[in-house]
Amino acid sequence: MAKADAAPPTAKLTLMTLTAMVVGSMVGAGVFSLPRRFAQETGVAGALIAWAIAGTGMLMLAFVFQSLAVRRPDLDAGVYAYAKAGFGEYLGFFSAFGYWASACVGNVTYWVLIMSTIGAVWPALGDGDTLLAAVLSTIGLWAFFLLIRRGVKEATAINKVVTVAKVVPILVFVILALFYLDTTVFAENWGGADYAGSLFNQVRGTMLATVFVFLGVEGASVYSRHAKRREDVGRATVLGFLSVFAVFASVTIVSYGIMPMSEIAELRQPSMAGVLEYAVGTWGQVFVSVGLIISVLGAYLAWTLMAAEVLFVAAKDDDMPRFLRRATAADVPVPALVMTTLLSQIVLIVTLFSEDAFNFALDLTSALTLIPFLLAAAFAVKVGARHDSLTQGGKASARELVVAVVATFYTAFLLYAAGLKFVLVSFIIYAPATFLFVKARREQGKRLFSPPEAVLCAISVAGAAVGVTAVAAGWISL
């Protein structure tokens, strides 16, 4: 929810509201795709290990946001502000832009998935990657833009409804899958199919998918300036994470007891619908499909507002060009909203040339998010290692420092798991953003780059050049 969600402006967000925001942001369309994505990579054993690693790592990251919210209450907009405070304006800008871009790319997965869902009864939509699907998704993109443009009050009223409604099909799926679970099928799926490879490769292959479904764990941190009490930001982050983690892991694991993993891997998205149809019949597919559409609408709304909020706050802090700080009388940051919708539109067009539109957008979303998460975790290490006048609550405990170090290593491992392909594609998106940084610096009459920033800029441009060349030459495919 954007800045105007705190209407009237003097209202403050409670612990319950902040927790609902975290859950609402995390429970999106991604969970409906988990059975197929995991079955394409791993068996039961690998899935359990992957969830254990992801759960531990993301919990450490949640604790990082909890700690930073209390120890550095002067920093708003969470992920972006932490990177800037810890590593300077240029990396802070990169973090803000990367986090914003990941939200925009993630929004594309929602439209691909909803078109794939309808494609089950309207074949012309394919798997959400046909020209007709792209046209209808475009209409949806701009219809939501107009909705939010009218004022966030109406938009948040819709979001409150869908946040509750979209959880019901997921819980029903888990309960029914447990009831129909076949222990023989579950045991056969334990080690994974022949195509899955070694256990290490199975686990590594699922890492980006786990990042995608956990996006939103930092949601309360993004809106920290609206919190009634700073302590509530951290508590909401942990409470939201734990509740959603239990649901996500359950959806994946119980699916292995319904169908052979090789068959799950071939299901169309949303694969949860196919699994439930196999267990209970056609009504199960319809039930999940309707739930997905509701989930998509809510998730898209929440993430569009969150993305616009990041650009708006960065512009207010002079880290983005001034035009992005403009807002209407209804407190809607329209320029930031326009840029958010435009980037989603561009990525939607790119998916037409992708071999697997949904997985491509999902993995790219995760890869773009990793740099902001890594910088936030590394900043927590700095805060834990030394106390300064801005840090609240005295010297950090050994536990806080250990948590920050584990979170940093975890996000660094995720970058490795993402692979060179998505790192290079991320550079293609990051590098052109430097023009916005330059524009903001010129507006303030500041020096464009310090020597270290110039080196970072050169690295990003070189990475983008290699990425473009690799795509053009077919060395990496989308």
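1. Contact here means heavy atoms within 4.5 Å. Helices (H or I, at least four residues) are DSSP runs, numbered from the N terminus. This is a predicted model: local features need pLDDT of at least 70, side-chain atom pairs count only at pLDDT 80 or more, and totals for chains, interfaces and linings use all residues. Residues are numbered from 1 along each chain as its sequence is written, and side-chain values use heavy atoms, without hydrogens or water.

2. Look at H14 and H15. In H14, Met272, Ala273, Leu276, Glu277 and Val280 meet Thr282, Trp283, Gly284, Gln285, Phe287, Val288 and Ser289 of H15. This contact divides into seven nonpolar, four polar and one charged residue (Ala, Val, Leu, Ile, Met, Phe, Trp, Tyr, Cys and Pro count as nonpolar; Asp, Glu, Lys and Arg as charged; the others, Gly among them, as polar).

3. Now the geometry. The axes (lines fitted to C-alpha atoms over the stretch in contact, with angles from 0 to 180 degrees between N-to-C directions) of H14 (residues 271–280) and H15 (residues 282–316) come within 6 Å and cross at roughly 155°. H14 and H15 are therefore roughly antiparallel (angles over 145 degrees).

4. Which helix holds Ser344? Ser344 lies in H16 (residues 334–350). Ser344 counts as buried because its relative accessibility is 1% (buried means under 20% relative accessible area, 1.4 Å probe, protein chains only). Ser344 touches Cys104, Asn107, Val108 and Leu141, leaving out residues up to four places away in sequence. Asn107 is 237 residues from Ser344 in sequence, yet 6.7 Å away in space, C-alpha to C-alpha.

Technical notes. Helix = DSSP H or I, 4+ residues; strand = E, 2+ residues; numbered from the N terminus. Parallel < 35°, antiparallel > 145°, perpendicular 65-115°, else oblique. Buried < 20%, exposed > 50% of the residue type's maximum accessible area, 1.4 Å probe, protein only.
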